[in-house]
Amino acid sequence: MTPASTADILEQAATRAGLAASTATSLRTGAHAIFEFDGGIIARIGKPGSADTAHREVRISHWLNHSGIPAVHTVETLPQPIVIDDHPVTWWQLIADHRPATPAELGAALARLHTLTPPATFELPEYQPFTGLEDRIATATTLDDSDRQWLTQHYTALRQRYEQLPPVTRTSVIHGDAWQGNLVVPRSGAPTFLDLEKVSLGRPEWDLIQLAVDHADFNRLGNDDYYAFVTAYGGHDMTTTPEFRVYADIQVLRWAAFAISLSKHSLTARSETAHRIACLRGRIPKPWQWNAL
């Protein structure tokens, strides 16, 4: 979304919700645009064609909170979602005065989440770790032929490696994007899950791999914090499993593909994309340092 189109979508959605768009403050751009309105109301503008996902996200919020798993609350007095030009706009209650969870808090919260029985009133989708990756590589206009060919071959090899993993022993309710920033801790309250759009049924390893990769491949999580996460989850250390590298390589490819998706409209993202691809291709030794986008 361009800034102009985002502003137009926000204004139309605010008008339909009975809110004043002039009071909105931008909090974040990226895959979603997020704004804060007066009265502690958060507007989240989704990607085009994602209305069904937005509907499900609202239902997931209700279900998780009812199940004893604290999650961000919807604004019950506003219509959910409001769809403007194929973009769903959902409305959420501000969680004021909070901090990101510690690794230990995240591990404990995921352990509880993974024991949940799936909802009976609606279906959760099956987690798809490769969604969008092939298309992002194929359609990117900022990749040279060498990088595109390598990424395509790497993607194909990863799919084959993943399909050869041992059969799933258990699927769980998973968050799908589990890191400390998606579990926040209010000053007076329990750790609370945010960004619920990827909540799904899948291998619980997908909720453990991000911190495992942060520890093993990057300078982002030291020994004490990582093993506090492992202990709080119940002792399962992804980095010691035979399958770790498969999950890890898929995860870092996803992070690289996110940079690729932003590179058309951002020189910063284009530079970061080149750096991330160089890391994947073995041109930069680990531990890697990647900049947030």
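Q: Which residues does Gln 251 touch, leaving aside those up to four places away in sequence?
A: This is a predicted model. With sequence neighbours up to four places away left out, Gln 251 is in contact with Ile 209 and Gln 210. Gln 251 itself belongs to helix α8, which covers residues 244–262.

Q: Is Gln 251 buried or exposed?
A: A residue counts as buried when its relative accessible area is under 20%. For Gln 251 the value is 4%, so this residue is buried.

Q: Which residues of the largest nonpolar core touch the most other members?
A: In soluble globular proteins, nonpolar side chains tend to be buried together. Here the largest nonpolar core has 68 residues, and Leu 64, Leu 110, Phe 193 and Ile 209 touch the most other members. Helix α8 supplies the largest share, 11 residues. Another core, of 17 residues, lies apart from this one and includes Ala 13, Ile 41, Leu 78 and Ile 82.

Q: What does Leu 110 touch, beyond residues up to four places away in sequence?
A: Its contacts are Ala 178, Phe 193, Asp 207, Leu 208, Phe 229 and Tyr 233.

Q: In what order do the strands of the open sheet lie?
A: The order is β6-β8-β9, with antiparallel pairing. Strands β6 (98–100) and β9 (192–193) are at the edges with a single partner strand each, so one side of each has no neighbour in the sheet. Between β8 (residues 183–186) and β9 there are 2 bridges; Val 184 has Thr 192 as its bridge partner in β9.

Q: Which helix packs on the sheet?
A: Helix α3 (residues 103–113) does, touching β6, β8 and β9, and its direction makes about 110° with that of β8.

Definitions and conventions
Residues numbered from 1 in each chain as written. Predicted model: local features only at pLDDT ≥ 70, side-chain atom pairs only at ≥ 80, totals over all residues. Heavy atoms only, no water. Pairing = 2+ DSSP bridges. Helix = DSSP H or I, 4+ residues; strand = E, 2+ residues; numbered from the N terminus. Contact = heavy atoms within 4.5 Å. Axes fitted to C-alpha atoms, helices over the stretch in contact; angles between N-to-C directions. Buried < 20%, exposed > 50% of the residue type's maximum accessible area, 1.4 Å probe, protein only. Core = buried A, V, L, I, M, F, W, Y, C linked by side-chain atoms within 4.5 Å.
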